[in-house]
Amino acid sequence: MNTPTFQTKCPSCGKQHTYSTENPSRPFCSERCKLIDLGRWANEEYNIPATPSSSQDLDAPSH
C-alpha cells in the first residue's frame, strides 16, 4: 500500500521537503529542526495566549 506524499515547508527552517510517514521527524525536515523547535518551546520563545475562564482561575495558586 502506497502512502501519499507531498512537498511542504519545514516549520523550523522553511526548507521544502517531502512530508512522508517514512520521515520520523515530520512535520520537520530533520531531527535537528525538531530539536531546535523543542528548544524554543523550552526557552518560552513560543507561547499560547490564554485568558482565564472564570474569576476562580485568577485566585488559583500558581505552581
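Select P11 to begin: this residue sits in the loop joining β1 (6–9) and β2 (16–19). Strands here are DSSP runs of E with at least two residues, numbered from the N terminus. The model is a predicted one, in which local features need pLDDT of at least 70, side-chain atom pairs count only at pLDDT 80 or more, and totals for chains, interfaces and linings use all residues. Residues are numbered from 1 along each chain as its sequence is written, and side-chain values use heavy atoms, with hydrogens and water left out.

Next come the aromatic rings. How many aromatic pairs does the structure hold? There are two. Rings of Phe, Tyr and Trp (its six-membered ring) pair if their centres lie within 6.5 Å; planes under 30 degrees apart are stacked, over 60 edge-to-face, and the rest tilted.

Select F6 and Y19. The ring centres of F6 and Y19 lie 5.1 Å apart with the planes at 20 degrees, so this pair is stacked. Because F6 belongs to strand β1 and Y19 to strand β2, the pair ties together parts 13 residues apart in sequence. F6 is partly exposed at 48% relative accessibility, and Y19 is partly exposed at 28%. Partly exposed lies between buried (under 20% relative accessible area) and exposed (over 50%), using a 1.4 Å probe and protein chains only.

Finish at W41 and Y46. Their ring centres are 5.0 Å apart and the planes stand at 65 degrees, so the pair is edge-to-face. W41 is partly exposed, at 41% relative accessible area, and Y46 is partly exposed at 29%.

Conventions:
Helices (H or I, at least four residues) and strands (E, at least two) are DSSP runs, numbered from the N terminus.
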